[in-house]
Amino acid sequence: MGTATEISLEEYLGQSYDPDCEFLEGELKERNGGEFDHSDLQGSLYFFFRQHQKVLGLRALVEQRVRVKAERYRVPDLCLVGLERPQDGVVSVAPELVVEVLSPDDRMVDVEEKIADYLEMGVGEVWVVNPRKAHGWSFTKGGSVESREGALEFRGLQVDLRAVREG
């Protein structure tokens, strides 16, 4: 992960960062990203889910702040939430799906911590996808499923990561 800086929650919520950072108990934490494969798959998944927004009854959001606990704010690469807008600009109701696209600098210990935060918040499903291999994992409170064939499923929608990536 990137560097960390100590700040207050009020300071974090009152600032904009480019790219946005996560806030973990007083620590501002930079996120990995910014490389082509990551950005390309993130954008393709966003486009796919926006096309299915009415069928799912969920809105796809990119890099949206999510309050996972009182003093923890994550910024997933993509999340699917209800169609209503959050009152304060921060998602505080558990998304139905969170997607984290791996970057070359991601460490597994950090990814596992994010998955745990999302599942503890009540997120229904967390995907972790490797954009270079179109390989993915789906995590729920009931366990995990690995997809080496590049296809994951959400609410009956088959998402072929290779096809989505190639657009």
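Modeller: Terms come before values. On a 1 Å grid over the protein atoms alone, a pocket is an open set of points with protein on both sides within 12 Å along at least five of seven lines, while a cavity is a set where a 1.4 Å probe fits but cannot get out. Lining residues have an atom within 4 Å of a point. Grid points are joined across faces, edges and corners, and a volume is the space filled by probe spheres set on them. The model is predicted: local features need pLDDT of at least 70, side-chain atom pairs count only at pLDDT 80 or more, and totals for chains, interfaces and linings use all residues. Residues are numbered from 1 along each chain as its sequence is written, and side-chain values use heavy atoms, without hydrogens and water.

Colleague: What volume has the largest pocket? Which residues lie nearest its centre?

Modeller: Its volume is about 210 Å³. Glu84, Pro86, Val91, Ser92 and Val93 lie nearest the centre, out of 15 lining residues. By class, 8 are nonpolar, 3 polar and 4 charged. Here Ala, Val, Leu, Ile, Met, Phe, Trp, Tyr, Cys and Pro count as nonpolar, Asp, Glu, Lys and Arg as charged, and the others, Gly among them, as polar.

Colleague: How many cavities of 30 Å³ or more are there?

Modeller: Rolling a probe the size of a water molecule over the atoms shows where empty space is left. This structure holds 1 such cavity. The largest cavity has a volume of about 90 Å³. Closest to its centre, among 12 lining residues, are Asp77, Glu100, Val101, Asp106 and Lys114. The lining has 4 nonpolar, 2 polar and 6 charged residues. Helix H4 gives the largest share, 3 residues. Helices (H or I, at least four residues) and strands (E, at least two) are DSSP runs, numbered from the N terminus.

Colleague: Which residues of H4 are buried?

Modeller: Asp110, Val111, Lys114, Ile115, Asp117, Tyr118, Leu119 and Met121. Buried means under 20% relative accessible area, exposed over 50%, partly exposed in between (1.4 Å probe, protein chains only). Just after H4, Gly122 takes a positive phi of about 110°.

Colleague: Where do the buried residues of H2 fall, seen down its axis?

Modeller: An α-helix has 3.6 residues a turn, so residues three or four places apart point the same way. In H2, His38, Leu41, Gln42, Ser44, Leu45, Phe48 and Phe49 are buried. They fall within an arc of 165°, so they line one face of the helix. That arc is of the directions from the helix axis to the C-beta atoms. On the other side, Phe36, Phe47 and Gln51 are exposed.
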